[in-house]
Amino acid sequence: MRTAISNADERTRLDGWGDRAAALLSVVGLAALALAAIMGSLRGDRLSYFLHAYLTSYGFYLSISLGALFFVLVQHAARAGWSVAVRRIAEILAANIPMLAILFLPILIPMLLDNHSLYSWTDPRVVAESELLQHKHVYLDLPFFVARCVFYFAVWYWLTRYYLRCSVQQDTSGDAALTGRMERYSGPALLLYAGTVTFAAFDWFMSLEPKWFSTIYGVYFFSGAIVAGVAAIILAAVLLQSRGWLGRSITDEHYHDLGKLLFGFVIFWGYIAFSQYMLIWYANIPEETIYYRIRQTGGWAVVSLVLLFANLIIPFFGLMPRGMKRRKWALAFWAVWLLVFHWIDVYWLVVPSAAASPTFGLIDACLIVGLGSLFLAGTVRVARNVSLVPQKDPRLAESLAFENV
């Protein structure tokens with residue numbers, strides 16, 4: 001263990017920079033979203049293309065916050081000391097849920113206005129023609145769907161706000177009892193998290209193809225979200241340090257452990273993806289195999305192979321060396337790589353329900369920029385009034401002196 005390490009005189013607050021950045025990002029985000037909506041409305045497809053593209057990018061940014069929330073909860077559950085110096089970044093990323101709740105409205109409002117372009121099960125005629133959907137109608141019911149959405153966001157908002165509020169309160173009070181309280185509630189919080197993320201994945205992504213089902217689907221989305229969340233934490237830490245913040249608080253030792261987490265969940269994502277595919281493949285039941293039949297034909301087969309190699313095999317070997325995880329810019333490269341291919345993974349989940357082959361155009365690009373800018377604006381607004389490191393956490397000294405064995 002290293003000794004006598006302090007971060008007392010380093011930059012740990014965004015100060016006025018955060019206000020300017022949030023305002024600029026908001027303007028860029030709203031302009032890009034408006035442009036995408038205009039182009040989508042001109043296609044004459046009842047916004048089908050726009051809504052599927054919107055859900056893709058929305059699911060991508062939502063997964064970053066959910067992955068960061070899991071990181072916060074699991075660190076408290078494990079009573080981890082090493083992660084204290086990077087935990088505030090995760091708390092800030094997770095606490096962007098209010099912005100994400102607002103950004104969910106362009107998905108929800110068209111449904112309430114009888115637009116069935118995104119979710120076919122909202123169309124009574126489609127349900128009437130399918131005995132299977134009639135049996136599922138108790139669950140796939142629009143008022144019940146809206147109620148579940150409200151519940152998911154309420155749970156996520158409470159979890160993220162509670163953990164950020166307690167952590168920030170400790171910056172002033174130094175009350176070690178706050179750490180004990182956060183640890184004590186982390187177990188039930190993880191159960192709430194697991195249930196809400198699983199059913200949100202069922203509702204928002206799996207129900208795009210309502211005749212198909214998989215009990216492992218929620219875990220698949222969860223595994224990708226953790227990869228995205230850890231990658232975003234790494235990238236945020238590297239960028240902050242490059243601009244003069246957190247110069248001594250976050251070290252190669254922290255990047256090493258973040259890299260190990262990233263590596264581990266890349267493998268876990270591959271394991272879950274294989275498990276789901278294998279079970280459906282060898283059972284060979286028509287109502288199950290239709291999901292992969294679409295994704296194994298035409299251009300979607302290429303996307304499936306790209307995910308296999310670029311989201312699993314290549315980063316598996318790229319992240320395996322110890323030195324790769326200890327060089328922050330090399331690790332940042334893999335974080336960006338995995339975020340790009342995680343977006344493609346969400347695209348692979350969403351778009352085949354509406355398109356026979358992959359398409360990518362200006363609408364998709366505008367939504368990536370627009371939603372990304374608003375996501376960053378919301379994150380900066382959370383970060384601007386808090387320290388980027390938990391200042392009086394009882395395990396901060398342990399984290400600053402942390403060394404990998």
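**Exercise 1.** State the volume of the second largest pocket, which is about 410 Å³, and describe its lining.

*Solution.* The model is predicted: local features need pLDDT of at least 70, side-chain atom pairs count only at pLDDT 80 or more, and totals for chains, interfaces and linings use all residues. Residues are numbered from 1 along each chain as its sequence is written, and side-chain values use heavy atoms, without hydrogens and water.

Step 1. A pocket is an open set of points, on a 1 Å grid over the protein atoms alone, where a 1.4 Å probe fits and protein lies on both sides within 12 Å along at least five of seven lines; lining residues have an atom within 4 Å of a point. The volume is the space filled by probe spheres set on the points, which are joined across faces, edges and corners.

Step 2. The lining has 16 residues, and Ala273, Phe274, Tyr277, Ser304 and Leu308 lie nearest the centre.

Step 3. Helices H11 (252–283), H12 (286–295) and H13 (298–319) each give two or more residues to this lining. H11 gives the most, 6 residues. Helices are DSSP runs (H or I, at least four residues), numbered from the N terminus.

**Exercise 2.** Which residues lie closest to the centre of the largest pocket, and which helix gives the most to its lining?

*Solution.* Step 1. The largest pocket holds about 780 Å³ of space. Among its 27 lining residues, Leu93, Leu235, Ala236, Leu239 and Leu376 are the closest to the centre.

Step 2. Elements that give two or more residues include H1 (16–41), H10 (217–242) and H16 (362–383). H16 gives the most, with 7 residues.
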